[in-house]
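Open the model in your viewer and keep the sequence panel beside it. This tour tells you what to select at each stop and what is there.

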Amino acid sequence: MDRRRGPSRRSVSVIVVFVLALVLKQGTGQEVCPEPCSCDCEESMSCVDCSGRGLTELPVFADFNIEILDLSDNLFTSIPPELAQFPRLHYLDLSANAISQLPEDALTGMSSLSILILSENNISNWADIHPNRVLLPAGNLKELRLARNHFTSFSSNDDGLVLASLSLRYLDLSECRISKISGNEVIQGLRSLEHLKLSGNPIATVSDMQSTTLKRLEMNSCKLSALQPTIFAGLPALKEVHLARNHRLSLVLPNEDTPVQSVSLRKINLSHCNMDSLDLNGFPNLVTAIVRGNMVRQLDRDSFAGTALLEHLDLSSNSIYTIHPEAFRALKHLKTLDLSFNMLSRIDGKLFKTNDLLTHINLSRNYIARFSRISADSLVYLNMSWCEILTIEWDALASMGELIELDLSNNLISDIPDTLSSGTLQTLDLSMCRLSSMRNTTLAGLPELVRINLSGNRFTTPFRVDFFDKNPFLSELWLGDNPWRCDCRSDEFFQFFQFLTDPPGRIGDRKNLQCNTPEDFFGASWEGACRSVWYPYETIGNAERIWTWLMVGVLAFFGLFCLISSVRKFISARKKLAAERDREQNLQELREIARENRVRLQQDAPQNAPDARESRPPCYEDALLLPKLDAASFASLDELMLRGKRRKRRRNRRASEAKDDTDVDEEERIQTRQRTRTRSEDVLSRRFDDTSSLEQPSGLGPTYDRPTSNRIVTETEALVHRTAAAPINPGPTADQRDRAEDEELHYDSIDILSLNHGLSSASSSRTSTAPVPPPRTSSAALQPATIENFIGISHSPYAKRKVKPLQHLNPNGSIEEITDFADRQSSPYAKRRGPTMTSFRDPTQQLPPLPDQPPPPIPGPSGAATHTSEINLVENYFQPTDQHRIIDELDDYAVIPVQFGAGDAQPSTSGGRTKLIPLPVDDEPPSNASDSSETSSVSIEIIAPVVLKK
């Protein structure tokens, strides 16, 4: 078992170590990169890019294992000395900074540095960089770039100004404004220098330079005119020289015949130097010569006599118009020759006969009118495009035994000879010519033909398939941009189209096969124009096409409808879900509010609970003696009773969501009015039933009774409002009065105001000495009983209950006490109270005031004692008592009848039952429904009965 577990444990440990190494590597990479820089490491090298940050000091690095550091495009004035702490740094870019000088120890400690870039700085003096010592500490430095600085000279006249380095291989001094190079030892201190770049400097003269290691010298775009013959004599290892774009360059000094010489030179670039002759005899080992863009006019027999090893020769873009037949005889190793963009009109057939290695010849952009036979046994590629060739000789390809590709495009060729043959030709380009016909033997001599381009010609009739029987390897055929005549009924046309399109397909530009005639098919492709003829069973008629498009349209419409319906259904579902969520939230909030209200009501219920002795309402006389009750208490009790039904109505209203709020309020007011009316009539009917056996004495006058009145006065006071001419009609019978009384006398329980045992302010002046009247017979017992030893309000059972102040529950859950009842309309419980009756009376109409004289005396039971009738007014609980207002509103008073004697119209003191006699009223009820609803809930204020004075 231990042996089996051994390998698994080892593998697990190896995986753990590998993961830890990765984590540490990532952590190290994050620590290397400072805050203002970015890191982009490739493979195992750590690189930091701090370019373009405007730095003047080196950032703080957590790790010094940096290999590539880019500090270009900043504001450094010198090489930061902190770079000596990076032992692995091998690439440092300080280009585009403000460095003007380099101290001798600038590179101290940078032993691993191999590439240093100081281009585009402000170094203006060669001596400021201490060239003799600055590079010595960097023992591995291989590349130094000082381009685009402001040097004026590069000389070795002073030993202290010679650049010294044992390892430097590449030195870039391009575009440094160097005007001359003096001294033979200018680069001799660079013992390993291989590549020196001096391009873009205004150098006019160059002295003989000495270097045993220099291999490549670039002096392009300078101002060189004539070079010394020994300029390259001190460079024995020189292989490549670039002298392009020196517009006055000459390799031979004036009045001398010795050209510039270099035994080791292999490649030279003399393009665009305005040279009119080739002087390459001084380079015997030259392999590549680029002399394009000059003014060479002819090639003589000895033009290449000293360059026998030349392999690549570029003479394009010159003015060569004639070539000696033996000009290239000495070039036994010539492989590529470019004579394009010249003025050649004829090529000698034996010009390339001795060049056994020549494989590529470019003769394009010349003026060769006739393509004749050229002897080149090794030629592989021949380009004669844009040469204005008119005819091709029948044996033009006979001496090109290895020719593979021939380009004859953009010429004036109108016919291909039938005898044109080549056993090796694979690609033939005859595009953009003037060919109009082709015969069955035209391509018969090209058995290896693979690709042929015939586009852009004048072919009108498709070829027969048997034209290509001798070309079994033909795989690409380009026929576009020709004025084809599409004869769809022709079998040859259909067979040729099948030959081109059958798998794997031979046509290279199928989309460009377009018809030119007939006019109905102009611009149409071959397949589109002839499909109905070539494939009759695959095409559909107009009816089928219309039906197809119709079905597609119907399906598209149905799909679009389904998509729109789905989107709408989805949106509706989302809205319903959101509404349901909101409703649940609202219900939860309402439940919380209801719960809080229920808790508060449960807490307040014991305090506001009625006394147990209040099993039934008291009689009228007892009610007059009871203390005044607060109207807000009744309003609160009514609200508690209506809470359940209101909650039920709210639930019904939410479920239906369509019931009008106005109808609900109207229904609520009607139910409230009916309930209060029923309760009022039930309470009052008990009191009148107790005295129903009593008889109504005769002599009663009519009583002013108004259904909407909110006050009750005695008949004596009501007489004041009668006119003198109005006769007093006898009252109705007892049964009629009882019925009328039951119908008219009612009140709203929620608006009953507390009763004041004392006298009102209106009559306190006249009844200040009047004793408290005795209570009436209780309606609970048929036998008369009197309340004895009545001392005051404190004996009433209602006095023991202290009514709390009226409270109002705010929407935020707080409780607010309502203490200001001065304004009746401002009370929150006044919504169901109608305005006072004075609002229905013309304010300009004045009623007669109450008489100042006391009413006639009322005889007592024995006839001896008389009492004056007093009016006891109940206070208005929403407005302060005002004597003038009471007198003005007597029109709204109801009348409590006073009993009189038989003959003298004195009020009776017997215990007989009194009846209310209606009095005619001129006021009209309100016309609209809102006024009626308001007046239906007008409170009834009961005035104390008459007080009998002895």
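Select Asp466 and Arg464. Their side chains form a salt bridge, with the closest N and O atoms 2.7 Å apart. A salt bridge here is a side-chain nitrogen of Lys or Arg within 4 Å of a carboxyl oxygen of Asp or Glu. Asp466 is partly exposed at 33% relative accessibility. Arg464 is partly exposed too, at 37%. The cut-offs: buried is under 20% relative accessible area, exposed is over 50%, and partly exposed is in between (1.4 Å probe, protein chains only).

A word on the model before you move on. It is predicted, so local features need pLDDT of at least 70 and side-chain atom pairs count only at pLDDT 80 or more, while totals for chains, interfaces and linings use all residues. Residues are numbered from 1 along each chain as its sequence is written, and side-chain values use heavy atoms, leaving out hydrogens and water.

Go to Glu143 and Arg145. The closest N and O atoms of this salt bridge are 2.4 Å apart. Glu143 is buried at 14% relative accessible area, whereas Arg145 is partly exposed at 32%.

Next, pick Glu584 and Arg583. Their side chains meet in a salt bridge at 3.6 Å, N to O. Glu584 is partly exposed at 36%, and Arg583 is partly exposed at 34%.

Now select Arg216, Glu218, Glu240 and Lys267 together. Salt bridges link them in a network. The structure holds 21 salt bridges.

**A buried asparagine**

Stay in this part of the sequence and select Asn220. Helices (H or I, at least four residues) and strands (E, at least two) are DSSP runs, numbered from the N terminus. Asn220 is buried, with a relative accessible area of 18%. A polar atom of its side chain lies 2.9 Å from the backbone nitrogen of Ala244. Show its other surroundings: leaving aside neighbours within four places in sequence, Asn220 is in contact (heavy atoms within 4.5 Å) with Ser199, Gly200, His242, Leu243, Ala244 and Asn246.

**Helix α2**

Select residues 491-501, which form α2. Color Phe493, Phe496, Phe497, Phe499 and Leu500: they are buried. They sit on the same side of α2, because they cover an arc of only 155° around the axis. That arc is taken from the directions from the helix axis to the C-beta atoms. The buried residues of α2 pack against β27 (476-478) and α3 (526-534).

Step back to Ser490. Ser490 caps the N-terminal end of α2, with a side-chain oxygen 3.4 Å from the backbone nitrogen of Glu492.

**The nonpolar core**

Select Phe328, Phe371 and Trp526. Of the 150 residues in the largest nonpolar core, these touch the most other members. The largest share of this core, 5 residues, comes from α2. A nonpolar core is a set of buried Ala, Val, Leu, Ile, Met, Phe, Trp, Tyr and Cys residues joined through side-chain atoms within 4.5 Å.

**Zoom out**

Show the whole protein chain. There are 11 helices and 35 strands. Of its 950 residues, 41% count as buried.

Note on methods. A polar contact is a pair of N or O atoms within 3.5 Å; within protein, one must be able to donate a hydrogen and the other to accept it, and residues adjacent in sequence count only if both atoms are side-chain atoms.
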